[in-house]
Amino acid sequence: MAPPVVLNPRPGELILDLAAAPGSKTTQMSEMMEWRGTIVANDVSPSRINALSSNIQRMGCMNVVINRADGRRIHRIYGEIFDRVLLDAPCSSIGQVRRSWEALKRWNQNLVERISVLQRDLAIAAYKALKPGGLMVYSTCTFDPEENELVVQSLVNRGAEVVKFDIPGLKTREGLVEWEGVKLDDSLAYTRRIYPHLNDTEGFYIALLRKVPI
Amino acid sequence: MIEEFISWFKDRFGGDISHLKEFFVVSGEKRIRMVSPESKGINGIIKGIYIAKKVPFGFSLSIEGSQILGKYARRNVVSLDKETALVWMKGEDIPLEGHAVDKGTVIIKYKWIFMGSGYFDGQRVRNYVPGERRLE
């Protein structure tokens with residue numbers, strides 16, 4: 001999957017996967033790290049923790065520590081200690097319509113506005129948990145700017161630097177720099193929208209950010 | 001318990017796993033898990049993976065425990081054919097004849113794939129594959 005590839009965790013590092021369950025990206029990162037270092041795999045839901053735990057065990061990920069907490073409090077639990085953070089945020093999932101028609105049935109603007117508040121709070125907590133100079137990936141499987149660029153803009157407003165990246169072999173489009181008449185930071189063009197028709201995949205959005213040392 | 005486990009593995013399977021000692025941690029009263037050394041000091045509710053459990057006749061190995069440690073075993077490893085391996089993964093006990101294994105824990109494998117452990121009582125291997133991992 002693309003978000004771990006963009007985050008590029010290295011062996012020996014300390015990584016946070018803030019909304020980890022069911023763990024497909026956690027296990028991918030564990031292997032990328034050659035089972036060295038640590039991934040804190042956090043989720044809030046007990047039932048989803050069970051699925052996460054089962055997948056961690058089955059995939060032999062001995063460098064994963066599972067934590068159960070509201071992600072919005074994560075920086076208060078661990079402090080600013082992580083080299084890299086992945087926030088694959090809960091979202092309205094409109095990018096999954098090809099796979100699940102239910103996503104379209106569930107979608108409405110109220111959902112987008114409600115979930116974007118949670119996404120922004122999670123993103124801020126994730127950003128705070130980074131070491132100065134650390135890297136963070138924010139990703140969703142949806143296209144609504146309220147859930148994507150506007151969340152990233154809230155981190156830019158707190159001093160985050162948007163980092164340019166490519167995903168080899170994947171066609172992408174630039175992130176939006178304007179929405180409903182509101183001008184966003186130009187660096188948001190470095191974030192990536194991956195539409196289903198570009199690569200015959202589901203759709204998603206990825207941003208890579210660096211915590212600028214104060 | 002970790003020293004006991006390392007010593008038991010050497011006695012039972014003829015393999016030295018003492019170089020892995022820094023990865024082992026005791027979980028609860030009976031379980032041993034494997035954890036990256038860097039993870040030991042990090043807070044969380046579950047660390048690493050479950051590999052072994054203390055039982056009255058020594059230890060049993062989880063599927064992952066057998067996959068990680070099986071390559072160090074020199075004896076008491078039972079190689080199954082494909083048909084019997086599928087029966088094993090359905091959770092059934094395996095009658096055993098003609099294998100040079102001792103009573104106690106045995107490691108099960110099919111070709112290069114380790115498939116957990118069981119208890120050999122002299123006639124059959126009792127199946128320890130957990131219910132949620134069994135084939136239907």
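Trainee: Which residues is A:Lys25 in contact with, leaving aside its neighbours within four places in sequence?
Mentor: A:Lys25 is in contact with A:Met1, A:Pro3, A:Pro4, A:Asp17, A:Leu86 and A:Asp88; contact means heavy atoms within 4.5 Å. This is a predicted model, where local features need pLDDT of at least 70, side-chain atom pairs count only at pLDDT 80 or more, and totals for chains, interfaces and linings use all residues. Residues are numbered from 1 along each chain as its sequence is written, chains are lettered from A and ligands numbered from 1 in the order in which they are written, and side-chain values use heavy atoms, with hydrogens and water left out.

Trainee: Where is A:Lys25 placed?
Mentor: In helix H2 of chain A, residues 24-32. Helices (H or I, at least four residues) and strands (E, at least two) are DSSP runs, numbered from the N terminus.

Trainee: Is A:Lys25 buried or exposed?
Mentor: A:Lys25 counts as buried because its relative accessibility is 15%. The classes are buried under 20% relative accessible area, exposed over 50% and partly exposed in between, with a 1.4 Å probe and protein chains only.

Trainee: And A:His75, buried or exposed?
Mentor: Buried, because its relative accessible area is 17%. A:His75 is in helix H4 (residues 74-78) of chain A. Not counting residues up to four places away in sequence, A:His75 touches A:Ala125, A:Lys128 and A:Ala129.

Trainee: Now the two chains. How many residues does each give to the contact?
Mentor: Chain B gives 20 residues and chain A gives 22 residues. The area buried between them is about 1500 Å², with 60% from carbon and sulfur atoms. Buried area is the accessible area (1.4 Å probe) that two parts lose on being put together, summed over both.

Trainee: Which elements of chain B are on that side?
Mentor: Those giving two or more residues to the side of chain B that touches chain A are strand E2 (31-34), strand E3 (46-47), strand E4 (49-55) and helix H2 (63-69) of chain B. The residues on that side divide into nine nonpolar, six polar and five charged. Nonpolar here covers Ala, Val, Leu, Ile, Met, Phe, Trp, Tyr, Cys and Pro, charged covers Asp, Glu, Lys and Arg, and the others, Gly among them, are polar.

Trainee: How do E3 of chain A and E3(B) pair?
Mentor: Strand E3 (residues 64-68) of chain A pairs with E3(B) in the antiparallel sense, over two bridges. Two strands pair if DSSP finds at least two bridges between them. A:Ile66 stands opposite B:Ile46 in E3(B).

Trainee: What about E4(B) and E5(B)?
Mentor: They form a hairpin with two residues between them. E4(B) and strand E5 (residues 58-61) of chain B run antiparallel and are joined by four bridges. B:Ala52 has B:Leu61 in E5(B) as its bridge partner.

Trainee: What is the order of the open sheet of five strands?
Mentor: E6-E8-E9-E10-E7 in chain B, with mixed pairing. The edge strands are E6 (77-79) and E7 (94-95) of chain B, each pairing on one side only.

Trainee: Last topic, B:Phe9. Where is it placed?
Mentor: In helix H1 of chain B, residues 2-13. B:Phe9 counts as buried because its relative accessibility is 0%. B:Phe9 and B:Phe59 are 50 residues apart in sequence and 8.5 Å apart in space, C-alpha to C-alpha.
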